[in-house]
Amino acid sequence: MDVFTYETEFTSVIDPTKLFKAYVLDGDNLIPKVAPQAISRIEILEGDRGPGTIKKVTFGQDSSFNYVKHKVEAVDKDNLSYSYSLSEGDAFAGKLEKIANEVRFAASPNGGSIIRSIGTYYTIGDVRIEEEHVKEGKVKGSQLFKAIEAYLIEHPDNNN
């Protein structure tokens, strides 16, 4: 087994508390609404949306994969951080045991938010993670945040 960690950072014009609420607290409903081509459905298999909750994320038409399981590890509303792990599904295809992610939302000095994400890949056997796959994941993550941001700009008074 090999462990590979990468960090990425995005910025947004949206306040960090509002962006955290949209992405983390309301994401199960909002994400398929704003990015159906990426994620068509998120369903809770067990739990109450808090730590320990297991969800099935079904990918949309733009994905070459069908689904992945998403486990909520921690939700910290006070510090605007969210930890989760991804496992199972055809996206893992005997290459990965899991991917652990931690996302933190902070105020930007210029207004808006800075979103920092740390992803840790746990591979099976001697599988190596190719840099192109990491770059692809970063782009998709950025696109997802931008879709949420666009929705929040278009619907400033909507509570999602």
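Which residues touch the most other members of the largest nonpolar core? In this predicted model, they are Leu 19, Tyr 23, Phe 105, Phe 145 and Ile 148, and the core holds 35 residues. A nonpolar core is a set of buried Ala, Val, Leu, Ile, Met, Phe, Trp, Tyr and Cys residues joined through side-chain atoms within 4.5 Å. Buried means under 20% relative accessible area, exposed over 50%, and partly exposed in between (1.4 Å probe, protein chains only). Helix H3 (residues 131–154) gives the most to this core, with seven residues. In soluble globular proteins, nonpolar side chains tend to be buried together.

Residues are numbered from 1 along each chain as its sequence is written, and side-chain values use heavy atoms, with hydrogens and water left out. Local features need pLDDT of at least 70, side-chain atom pairs count only at pLDDT 80 or more, and totals for chains, interfaces and linings use all residues.

The protein contains three helices and seven strands. Helices (H or I, at least four residues) and strands (E, at least two) are DSSP runs, numbered from the N terminus. From that end, the elements run β-α-α-β-β-β-β-β-β-α. The C-alpha trace spans about 50 × 30 × 30 Å along its principal axes. A compact globule of 160 residues would have a radius of gyration near 15 Å, and the protein agrees, with 15 Å. This radius is taken over C-alpha atoms, and the globule rule is 2.2 Å times the number of residues to the power 0.38. Of the 160 residues, 39% are buried. Among contacts with a separation of 6 or more, 49% come from residues 24 or more positions apart. Contact means heavy atoms within 4.5 Å.

The UniProt record, an unreviewed entry, annotates residues 2–154 as "domain: Bet v I/Major latex protein". UniProt positions are given in the numbering used here, feature names are shortened, and annotations may be inferred rather than shown by experiment. The span is 27% helix and 42% strand, and its end C-alpha atoms lie 43 Å apart.

The seven strands form an open sheet in the order S1-S7-S6-S5-S4-S3-S2, with antiparallel pairing. S1 and S2 are the edge strands, each pairing on one side only. The twist averages 25° from one strand to the next. Two strands pair if DSSP finds at least two bridges between them. Strands of a sheet pair through backbone hydrogen bonds, either parallel or antiparallel.

Strand S7 (113–123) is largely enclosed by the rest of the structure, because eight of its eleven residues are buried. Ten bridges link S7 to strand S1 (residues 3–12) in the antiparallel sense. Phe 4 has Tyr 121 of S7 as its bridge partner. S7 also runs antiparallel to S6, and eleven bridges join the two. Here Asn 101 is bridged to Gly 119 of S7. S6 and S7 form a hairpin with five residues between them, and Gly 111 in the turn has a positive phi of about 95°. Elsewhere, S3 pairs with strand S4 (residues 67–76) over five antiparallel bridges.

Two serines were examined individually. Ser 108 sits in the loop between strand S6 (96–107) and S7. Ser 108 is buried, with a relative accessible area of 17%. Beyond its neighbours within four places in sequence, Ser 108 contacts Ser 113 and Ile 114. Ser 83 lies in strand S5 (residues 81–87). Ser 83 also counts as buried, at 19% relative accessibility. Not counting residues up to four places away in sequence, Ser 83 touches Lys 71, Val 72, Glu 73, Ala 74, Asn 101 and Glu 102.

H1 lies across S1, S4, S5, S6 and S7, at about 155° to S6. H2 lies across S2 and S3, at about 160° to S2. Axes are lines fitted to C-alpha atoms, for helices over the stretch in contact, and angles run from 0 to 180 degrees between N-to-C directions. Helix H2 (residues 27–34) is largely enclosed by the rest of the structure, since six of its eight residues are buried. These are Gly 27, Asp 28, Leu 30, Ile 31, Pro 32 and Val 34. They pack against helix H1 (16–25), strand S2 (39–46), strand S3 (54–59) and H3. Ile 148 contacts Leu 19, Ala 22, Tyr 23, Leu 30, Ile 31 and Val 34, leaving aside its neighbours within four places in sequence.
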